[in-house]
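Dear colleague,

Please find below the structure that I am handing over to you. My notes on it follow directly after.

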Amino acid sequence: MLTLGRACLLLALGLAVFGIAASVYGARRERPEWAAAGRRSVYALFGVLTVTMAILELAFARSDFSFRLVASHSSTTTPLFYKLTAMWSSQEGSLLLWAWLLSGWSSLAMLVAERRARALAPWAGAVLLALAGFFLGLVNFLANPIQLLDPAAVDGNGLQPLLRHPAMVIHPPMLYSGYTLATIPFAFAIAGLVTRRVDAGWIRQTRRFMLGSWLALTCGILLGARWSWSELGWGGYWAWDPVENAALVPWLTGTAALHSLMVQERRGTLKAWNVTLALATGILAILGTFLVRSGILQSIHAFGASTLGPPFLAFIVVLIAGSLALVLWRRDALHSPARLDSLLSRETVFVLNNVVLVGLALVILWGTFFPLISELLTGDRASVGPPWFSRYTVPLAIALVLLSGIGPILPWRRANSRSLRRLFAIPLAAAAAAATVGALVAPVSGSPRALALFIAATFVLAAVGQEYWRGARARRASTGRAWPIALGGLVARNRRRYGGYAVHVGIAVLLVGVAASSAFQQVRDVRMKPGDRATVGAYEIRYVRPTADVGREKLSLGAVLDVRRDGHRVTLLRPSRGYYPVADPRAAGTLGRWFEGESTSEVGLRADLRRDVWTVVEPDLQPFRRMIDGIDERFPLAGAEMEPLFLRALAERYMLQPPPAAFRLIVSPLVLWVWVGGVLALLGAVVAIWPAGARRAARERAAAPSAPPPAVLERV
Amino acid sequence: MPGSRKRRARMVAALGAAVLLAAALVWTSFTASSEAVTPGTLVRTGEDGRSYQLTGKVLPGYEREDDVLVFRVRDRSGTASVAVRYSGAVPDPFREGREIILTVRRQHGDWVGERDSLVTKCPSKFSARDDSP
């Protein structure tokens, strides 16, 4: 199996190289059979990498510790679900996952392009194969996931306990899907530049992939944030870490592209801007991967001791230089004769939205790379913290929310003063009402930034609600159907538009949650014994009793907390700390090994639409040190039969003589809105990406003003 | 005003605003930043009143004094180390040998970590080699 796996990796690299050569030759010499061979290389690559993934997954499922990767990231006691997902917790496995996902999405793109854009397909295929080839070079020569461990280990190290969370399992494939899907528009933009087809054709081929990338990145970022909030013991969901920022930046440029592409489709303008955005988003996706792999910036998420930095950096430099050269080379084809008719038009708002989104991306990029910039300029490596990021991102986010409400209600081309009054009356009245209520209610009135965001979000909700209502009313009048059916029909017939509006609402709700939970969070760190009380915000929290549980994989020591508000019980919370043993008892003793390994917080969380009450506990184990050391000394290698007895004795003593414990207690308003808003945005994106019927799609294609004649697209 | 002049005026205004914003961005990032240092550099050149971003690995033998965590951080590849006192949230992956980032400032001769600024490397990025103290 190991040999087959390694052979598959080499074959995959060979296929990528052959595919590039065949595609370029086919396109340059106008030889359709070679172009087709290049396309088939993409499909074959996906097939071969699927076999490689299957071999590795089988090794994980069977706990085959002759695979080095399996031994270092799984164990016989790791649950099957986590065994199958342990692969991407490693550098090598995650690179293979990247290449596999890229080959899968590339195959889908080639399938679509084979029918609709045969002229662009060979060049786009060559670019995608070049990207895959780079990653396959890494997994073949620098970070091979299929390596022999001789002799095979008896058992493995197991999956890091903190990663045993459903959100963490889906988070990497989602982020990597987002990154790899962003490379499809990148490849087609390159193809468009090479072939001088920079009209709306390449956009139509890649719009869904761009939206898919946005959807996957949104999902990946949200899952990471959710895991951080509910699993990590620090009480936050975003830390402005370089690697987190690296996922956010292509998300921002991708969002900008999704809006500006519409302007080109509708009005034939912004050609150069759109090509640049697609190229930038693709490169930023690779940059995000590079930041994790290289260790070039101090990040909690970066792999340490990596040798992948230099090749990644060289590759990114080539991508940037090549993209710039292509844009300059084709600048005459990118000239758009059409201009914006009026400042009061939807396309102008889209341009402003692009300025804000790209501004946000630039600010975050600057802050992320500031350590390198400062070292270059001053010789000292310095970094900026969350307050610096907030100083710029909060006002820009408020502007963005406001624009996301204005855009949908303005018409294309121009609006007159009468229609403006009609369109803006309700949203402005709602925003004014929100401002009045916010100014009167403490503590909102004391936080101008949060108040501004609430007002902007109310404007968006009213504006989008008005659009749905107007559309449904018109449909009801024309069909005579009931309101829910009229609304459903409206969305079904204009999925892209009304799905997009739902995304706007979702993002506004999400940002309201972020603003409230950031501005009005209350935190207390206390040390308590059973019976002690502490207050945080309006809540009184009492340490009722300790809890202990001896499991096969971990020992849990925790507490029951009685949470009350105004004297009434709100809930009972059970935060705990899980202690996982190190594998070798000789290293740390029979009982000591349980406290020398990883320990994780199980958060005690009560969440509702108004606020989250979040608690973690860290018991002070110092009083048990003598007991632990004594057992380790007397029974250095007690064996599997005795160990549970000792653990139960320790747990019993913890219950009978509970030591003081350190608690972190947080009351954070509207955190649930972050997740609800995120899910709403994702649902909206799913509606928008859902394919329209074939007949309607043909109608849309025919209606597009800048659509090239089909013959142009079909010609090889 | 003719269309072309109007467009040029708008362009100049937009570019001016962009330049101003960029200058503010550069200025504030330099004034609000903390220098990233290793324990060795901090010991040699650390000054009172300045904040630094300390990066390194946790040495064995850290202890708690009530709510204060007292531990030593050593260079990623080297032997120089510095003792720090820290109170605030301690990430779950914090333990001996792990790589940490902490914002510190000297107070009464001790290096004191800024509350809640302790971060430990994400658990998916540990390797056997990284964990060795």
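Is Arg413(A) buried or partly exposed? Arg413(A) is partly exposed, because 15 other C-beta atoms lie within 10 Å; a residue counts as buried if 20 or more other C-beta atoms lie within 10 Å of its own, exposed if 12 or fewer, and partly exposed in between, with C-beta atoms placed from the backbone.

Please note that this is a predicted model, in which local features need pLDDT of at least 70 and side-chain atom pairs count only at pLDDT 80 or more, while totals for chains, interfaces and linings use all residues. Residues are numbered from 1 along each chain as its sequence is written, and chains are lettered from A and ligands numbered from 1 in the order in which they are written.

Backbone geometry

Most residues other than glycine have a negative phi, and most peptide bonds are trans. Arg413(A) has a positive phi of about 70° although it is not a glycine, and it is found in the loop between helix H13 (386-409) and helix H14 (417-440) of chain A. Helices (H or I, at least four residues) and strands (E, at least two) are DSSP runs, numbered from the N terminus. Ser63(A), in the loop between helix H2 (32-61) and helix H3 (68-73) of chain A, also has a positive phi, near 50°. Ser63(A) is partly exposed, because it has 19 C-beta neighbours inside 10 Å. The peptide bond from Asp150(A) to Pro151(A) is cis, with omega near 0°; Pro151(A) belongs to the loop between helix H6 (121-141) and helix H7 (166-195) of chain A.

Helix H5

Helix H5 of chain A (residues 91-116) has 26 residues and reaches 37 Å from its first C-alpha to its last. That is close to the expected 38 Å, where the expected span is 1.5 Å times one less than the number of residues. Of the 26 residues of H5(A), 19 are buried, so the helix is largely enclosed by the rest of the structure.

The sheet

In chain A, four strands form an open antiparallel sheet in the order S2-S11-S10-S9; two strands pair if DSSP finds at least two bridges between them. Strand S2 (522-528) and strand S9 (604-607) of chain A are the edge strands, each pairing on one side only. S9(A) pairs with strand S10 (residues 611-619) of chain A in the antiparallel sense over four bridges, and Leu605(A) has Trp614(A) in S10(A) as its bridge partner.

With kind regards
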